[in-house]
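Hello,

Here is the structure I said I would pass on. My notes follow below it.

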Amino acid sequence: MTTTNYERNMVLSSVDYKVVGTRPIRPDGADKVTGRALYGADFDTSGLLHGHVLRSPHAHARIKSIDTSKAEALQGVLAVVTSKDLPHEADESDATKYSRDNMLASDKVLYKGHAIAAVAASNPHVAEEAVGLIEIEYEILPSVMTAPNGMKADAPILLENLRTEELGEKTDKVSNVAQHFQHVKGDIDVGFADADVVVEREYNTATVHQGYIEPHAATALWNNDGRLHIWCSTQGSFAARDALAGILAIPVSQIRVTPLEIGGGFGGKIPVYVEPIAALLSKKSGHAVKVVMSRADVFESTGPTSGSNIRIKVGAKNDGKITALQGYLAFEAGGYPGSPVGAGAICIFAAYDVDNVLIDGYDVVVNKPKSAPYRAPGAPNAAFACEQAIDELAGKLGMDPIDLRLKNAAVEGTRRPDGPAFPRIGCIEVLEAMKSHPHYSAPLGPNQGRGVAIGYWFNIGFQSSVNINVNSDGTISLIEGSTDIGGTRASISMQAAEVLGIPMEDVRPSIVDTDSIGFTGVTGGSRTTYATGWVAYEAAQDVARQMVERAAAIWDVEADGIELKDGVFQSKTDPELKMTFKELAGQIEGGGTVVGRASMNTGGLGAGGGSFAGNIVDVEVDPDTGKTLVTRMTAIQDAGKAIHPSYVEGQMQGGSVQGIGWALNEEYYMREDGSMANTSLLDYRMPTSLDIPMIDTVIVEVASSDHPYGVRGVGEANIVPPTPAIANAVHNATGNRMANLPINSIAIMEAKWKKQGS
Amino acid sequence: MHWIDYASPHSVREAVDLLNEAGAGARPMAGGTDVLVQLRANALPGVELVVDIKNVPELNEITMDPELGLTLGAAVPCYKIYGNQAIKRAYPGLIDAASLIGGTQIQGRASLGGNLCNAAPSGDSIPVMIALSGVARIAGPNGEREVPLEDFCTGVRQTVLQQGEILVALHFPAPQANAGANYMRFIPRNEMDIAVAGVGSSVVLENGNIKSARVSLASVAPTPLYVKEIGDAIAGKPANEETLQIAGQIAKDAAKPITDMRGTIEYRRHLCDVLTRRSLQIAIDRAKES
Amino acid sequence: MPAKTYVQTIINGEHVDFLCEPRQSLLECLRDVIGLTGTKEGCNDGNCGACTVSMDGRIVTSCLVLGVEAEGKEITTIEGIANGSELHQVQQSFLENAALQCGICTPGFIVSSVALLEQIPHPSEHQIRFWLANNLCRCTGYDKIVRAVQDAATKM
């Protein structure tokens, strides 16, 4: 598979379809380019009130008292709520308590920004003023901000009830370590003893945020009949419904979630934050209440992803065969347990087939907002460490960095240290596409360096439901529940269209609420095109079967003598008997509408086998200021089958650029008192258009073994390799190994000065 | 935001009267790109009246006179500055600053006068305006006065403006022959950021030597820093690498930065050296072309 | 209760009048008072460009303009870019080039890009990126947005 005919965007496709693989205009396009599409904050309804939230000014404190009387007395205020308005059963589990406390703090606040109370008023400015009138007495406690500090024996304890789970067993140990797990394969002592060359290094990554442009927004109406209706921006209306049922202690049947359009999520809009608060304010005020976060709220009160401390040790023979891999991952969970250290441990060495591996993972609570998923959560941290260690190993061996990876590449059947064996995967194909890409051999200029890296994300499957109604004009209405963050209305519609032999433009997709479609999992985990698309395929097959029955009735022949081929229903024996889908649709109304349906669990973690992604990146480092420009970047990814290549490219380019921001500039700059200093988009520096070159793409297609079109989820793996690829490029340009993120200009100059001994 | 009242005077007199009467309770506003952010963050406690000065004619003036130089109204937005061909030719240093503040949309509103009155240590327009020997024309209840720009900022977000006073315009002397100026800053991204360090410089050349020079620094002291010592040290010296290094070293020594979320002390001082040399080089190149 | 201010303005070619409090931004007035929700809030401090509108021919971040300052101004929002039912070439190019994923930044980008092409009909890649630097996108990585603007430039 060579890429000698270079184009900026390439699809290395081996199977052609009629609709799948083409680039039609997305069905929701007109609404989105005219401002008509309604996002969370755009929703309006009669008598709408506005909610404003009071958030903790302290990183760690006990709440001694809350006095809301002045707020309640302010003209225009219709409701004030605190944790007292949430249910708290006597037998409330720790997990449930944590989920409720994170919505509105009860006895303690665990991070600056932790929500404590909320006010509803008809004027949002009045609501804000009322929040300023709430009086709270705090007992400030010492705070801890990093995983290593949280693990120290004398660290302040965040959660009195938390006991460390040690290698699967609950202990009596009171600490900030929620969990320590281990994955063991073979014997690393044997492996390291066998090695000719060893690289060992420690890495640190800073807390970073998903950075979606749309802040969280939800409107709730807790109606007089006891039913709660939520309109929100969410990555999963069913996930939101389930979360609300647990937090509010009401049955899921009492809750309806209507998803609005969503302005970015990257995993961060899977958890709920403003929904329960809006619900409580609605219940208390008797009105619909909208709660919208400010940008500072988003940074301080919603889950960023974990900062982390990672140690890698890798040993290899002189010929490049890796004999042992060891990883230590300590991740910041934020105020409550649940960092993505587990996922990081799955992905960290996934690209390598090595006999002896040991991974230790630690989930550590610290006084930062509770972490939330951020695009391949845990894997970018892990790759930043592992892929630099591999790069350093290649340097020590005098080996080409891609050849070193090829020599040790995971293949179908490779057993990962966390247990599963890979089904068919595209690791080698991605590496080979990287190696043969013209970028890899292009000349470099002064002060420039090049780096490569490969990353993995396992993807998920789980449950989706789709209904398809056939319209008499030959179009179909496709009813689904996957909120569309990146063009999945198109990719799901295209899979149904392919089955029925109709153009995508004849599919009318609707994303509906939780009462109107069967259970559907989140738009996340790289599952939407894969799982909901697969279910749409099955629903379309159901339609096809029913249409065949109708044709049989019309032609008065046996149904098993009719087949659907290239969009035409035809008799296998009599060539005169044929009708297009459109023609048949126009004739069936007398017999009732054809409704196809499917609801499926498409597999669990690792459904489809996961996706490998690689980057080749060039940087130019100003030797006097340390300013780093990304001058060229190429993204390569195995998509299995790119249903809509433009949207696959979009995922690859988007993940690459988030990776650039993560690598060079983004971080939570924490003050001594545990507050974040840079809570605006001015100083939380995400890349602008001027910071980024064109991102060339190569889509590799190694079909997954289960999906009908061979699809692999692509949303996430592409954010895994950029940070190490850039670190490797900076090393190539400067000779300095940058083991901490972000690799900003100050860090680069400090590394230079340290080397000079000045 | 707490409740505010809004007034839009149409004369300098009216503006002065409004501000004088309300005292600390009022704040003049031009582009609003700093004032509104600060009001929302409760960083302007006690301000209950916003006085919009964009409708006062003198504050929108752009006049170029071959002898008197440039008169730039305090409210003139950045886009009008870099869209003005005469200013582009005669004061490229001002264009550097006007094109760097924020981004396109911010430049549609923000003014150099407002940037000056905001008096942030990092104000991108201030160093080069100082280097160009700019003067502030102020109107107040007691009449008008002028203040050289290097004296205008007195502390972080503090200026010489007294109760009821308003910046009316900025004056820049007519450019001399063989003169050039430049503003340059270091930011982590390529646009939109606050300067980690910035340098405004101007030079006048004579026979290949630096006849005179003015250099001012941003983001390395509580106010923009006019480093007179640099001009004193390099006057009469040849416009070469060695001279630039002298300038850079003085800049590095004069800087008094802090460590904060945008930079460290050591890094900012280092940048003062690098940027002073680079900025002066551009000023010199422009002087040769002029 | 303190009094609201009466503002008269022209929005998307039509005379519009409204009442607002002086503390309400133009963004708030457009969205909450007038009901034009196409313009979005991303940060409320001028750093993301999602609230971009054109005012008297220049693009501005409407979060940093007070509603009362709109008096007598001519404002174009995303709702005024299309010509009736006919999309503007920039809108069409954005669709054809898949230059949007979640779409929240798209109204701001389209208003900014239309203004760019009015100023510079055939911009270079650098000029496009420089002009659009005040508009943040987190989904696309900007590649397809730049292509869409280049595409529109060739067709206008």
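Strand β20 (residues 463-470) of chain A and β21(A) run antiparallel and are joined by five bridges; helices (H or I, at least four residues) and strands (E, at least two) are DSSP runs, numbered from the N terminus, and two strands pair if DSSP finds at least two bridges between them. This is a predicted model, in which local features need pLDDT of at least 70, side-chain atom pairs count only at pLDDT 80 or more, and totals for chains, interfaces and linings use all residues. Residues are numbered from 1 along each chain as its sequence is written, chains are lettered from A in the order in which they are written, and side-chain values use heavy atoms, without hydrogens and water.

A:V470 has A:I476 as its bridge partner in β21(A). Five residues lie between the strands of this hairpin, and A:G474 takes a positive phi near 90 degrees there.

On to the next pairing: β21(A) runs parallel to strand β22 (residues 507-511) of chain A, again through five bridges. There, A:P509 in β22(A) is the bridge partner of A:L478.

Five of the five residues of β21(A) (residues 476-480) are buried, so the strand is largely enclosed by the rest of the structure; buried means under 20% relative accessible area, exposed over 50%, partly exposed in between (1.4 Å probe, protein chains only). A:I476, A:L478 and A:E480 cover one side, A:S477 and A:I479 the other.

Separately, A:L248 touches A:W222 and A:L280, among others, not counting residues up to four places away in sequence; contact means heavy atoms within 4.5 Å.

Regards
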